[in-house]
Amino acid sequence: MDGEAREVGRYLASIALEARFRGVPIRRGLILSGGEPTVTVVGNGRGGRTTEMCVGFALSVRGIDGVSMISMATDGIDGNMDAAGCVADGT
């Protein structure tokens, strides 16, 4: 997948929510995605693509149980952080 990381997170959330509530495209399971999303940097925040993607996902599934995301950076860092990824859900 490519595009703005926050929007990619929202898109993946929409797929996960369809699966959670309607069984489409899968009733239960895992959605695996790969790609190189981008981040438009504004201000002095911390993080990078994986963090920004998780933020978009988390905001889209806020308050909904049973839907989560794991995002990992293959180079071992996420923007200006030492983290190599993040986990997000509706909480």
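A: Two strands are said to pair if DSSP finds at least two bridges between them. Helices (H or I, at least four residues) and strands (E, at least two) are themselves DSSP runs, numbered from the N terminus. Here β1 and β2 run antiparallel and are joined by five bridges. The model is a predicted one, in which local features need pLDDT of at least 70 and side-chain atom pairs count only at pLDDT 80 or more, while totals for chains, interfaces and linings use all residues. Residues are numbered from 1 along each chain as its sequence is written, and side-chain values use heavy atoms, with hydrogens and water left out.

Q: Which residues form the covered face of β2, and which the uncovered one?

A: C86 and A88 make up the covered face of β2. Its uncovered face consists of G85, V87 and D89.

Q: Which residues stand opposite one another in the two strands?

A: S71 of β1 stands opposite C86 in β2. For I70, the bridge partner in β2 is V87.

Q: What does S71 touch?

A: A contact means heavy atoms within 4.5 Å. Leaving aside residues up to four places away in sequence, S71 touches T50, M53, C54, A84, G85 and C86. S71 counts as buried because its relative accessibility is 5%.

Q: How many disulfides does the structure have, and where do they lie?

A: A disulfide is a covalent bond between the sulfur atoms of two cysteines. The criterion applied is a pair of cysteine sulfur atoms within 2.5 Å. A search of the whole structure finds one disulfide, formed by C54 and C86 with their sulfur atoms 2.2 Å apart. This pair links distant parts of the chain: C54 is in helix α2 (residues 49-60) and C86 in strand β2 (residues 85-89), 32 residues apart. Both C54 and C86 are buried.

Q: Why is the disulfide of C54 and C86 called right-handed?

A: The torsion about the S-S bond of C54 and C86 is about 105 degrees, so the disulfide is right-handed.

Q: How many salt bridges does the structure hold, and which residues form them?

A: A salt bridge is a side-chain nitrogen of Lys or Arg within 4 Å of a carboxyl oxygen of Asp or Glu. The structure holds four, including one between the side chains of R6 and E52 (2.8 Å, N to O). R6 lies in helix α1 (residues 5-22) and E52 in helix α2, so the pair ties together parts that are 46 residues apart in sequence. R6 is partly exposed, at a relative accessible area of 26%.

Q: Where do the salt bridges of R10 with E7 and of E18 with R22 lie?

A: The side chains of R10 and E7 meet at 2.5 Å, N to O; both residues lie in helix α1, three residues apart, about one turn of the helix. R10 is partly exposed, with a relative accessible area of 34%, and E7 likewise counts as partly exposed, at 43% relative accessibility. The side chains of E18 and R22 meet at 3.2 Å, N to O. E18 and R22 are separated by about one helical turn because they are four residues apart in helix α1. E18 counts as partly exposed at 31%, whereas R22 is exposed at 58%.

Conventions
Buried < 20%, exposed > 50% of the residue type's maximum accessible area, 1.4 Å probe, protein only.
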